[in-house]
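Here are some exercises to work through with the model open in your viewer. Try each task before you read its solution.

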Amino acid sequence: MDIARLLVAGAVATSTMTAFSYIISNIRNRQFREPELLNIVLSRSDFFRLDLSKKSSAGWILHYLIGWIFVVFFEIIWKLEFIPISITSGAILGFAAGIIGVLGWKLLFYLSKNPPETTWDIEYYLQLIVAHIIFGVSAAVVYDIW
């Protein structure tokens, strides 16, 4: 496993995905900003007991760590040659990551006594899936050119 490639792919993919979420959040005037939502969930958690603002670095760090974990799984799939590295495979893996992301957020919101104030509707989850497809494509592009 090439750690440098993994770190770069994870950073690029997470950054691209997050930029998309911030852009759509501003266009739609909705809260789709994953790092901010993570900070809100963490700060309202009885388990973590953290006093975080929505702009805190904790949500960003957690968001990037999750991105790197996804890229590790992508690399394993690509190295085992289940599917070749390509934009298509990145989109497919991104879609799968998006489904996992939706389930993860649903679980976080379900377990939270006081979830963030936003509407958890089809638009939120569709945006999240598209963001993860962008994540997967970005990771594949980095892997392909490395």
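Helices (H or I, at least four residues) and strands (E, at least two) are DSSP runs, numbered from the N terminus. This is a predicted model, in which local features need pLDDT of at least 70 and side-chain atom pairs count only at pLDDT 80 or more, while totals for chains, interfaces and linings use all residues. Residues are numbered from 1 along each chain as its sequence is written, and side-chain values use heavy atoms, with hydrogens and water left out.

**Exercise 1. Find the loop that holds Asn-29, and do likewise for Glu-81.**

Solution. Step one: Asn-29 sits in the loop between helix H1 (3-28) and helix H2 (34-43). Its phi is positive, about 55 degrees, although Asn-29 is not a glycine.
Step two: check the cover. Buried means under 20% relative accessible area, exposed over 50% and partly exposed in between (1.4 Å probe, protein chains only). Asn-29 has 69% relative accessibility, so it counts as exposed.
Step three: Glu-81 belongs to the loop between helix H3 (57-79) and helix H4 (87-111). Phi of Glu-81 is also positive, near 60 degrees, in a residue other than glycine. With a relative accessible area of 68%, Glu-81 is exposed.

**Exercise 2. Describe the overall fold and dimensions of the protein chain.**

Solution. Step one: count the elements. The protein chain has five helices and zero strands, in the order α-α-α-α-α from the N terminus on.
Step two: compare the radius of gyration (over C-alpha atoms) with the globule rule, 2.2 Å times the number of residues to the power 0.38. The radius is 15 Å, close to the 15 Å that the rule gives for 146 residues, so the chain is as compact as a globular protein of that length.
Step three: along its principal axes, the C-alpha trace spans about 45 × 30 × 25 Å. Of the 146 residues, 42% are buried.

**Exercise 3. Work out how many residues of H2 are buried and what they pack against.**

Solution. Step one: nine of the ten residues of H2 are buried; among them are Pro-35, Leu-38 and Val-41.
Step two: look for contacts, meaning heavy atoms within 4.5 Å. The buried residues of H2 pack against H1, H3, H4 and helix H5 (122-145).
Step three: widen the view to the chain. Among contacts with a separation of 6 or more, 71% join residues 24 or more positions apart.

**Exercise 4. Characterise the aromatic pair of Trp-60 and Tyr-64.**

Solution. Rings of Phe, Tyr and Trp (its six-membered ring) pair if their centres lie within 6.5 Å; planes under 30 degrees apart count as stacked, over 60 as edge-to-face and the rest as tilted. The structure holds eleven aromatic pairs.
Step two: Trp-60 and Tyr-64 are stacked, at 6.5 Å centre to centre with 25 degrees between the planes.
Step three: the two residues are four apart in helix H3, so about one helical turn separates them. An α-helix has 3.6 residues a turn, so residues three or four places apart point the same way.
Step four: Trp-60 is partly exposed at 30% relative accessibility, whereas Tyr-64 is buried at 18%.

**Exercise 5. Decide whether Ser-25 is buried or exposed, and list what it touches.**

Solution. Step one: Ser-25 is part of helix H1. Its relative accessibility is 1%, so Ser-25 counts as buried.
Step two: leaving out residues up to four places away in sequence, Ser-25 touches Arg-30, Gln-31, Phe-32 and Arg-33.
Step three: follow Phe-32 further. Phe-32 forms one aromatic cluster with Trp-105, Phe-109, Tyr-124 and Tyr-125.
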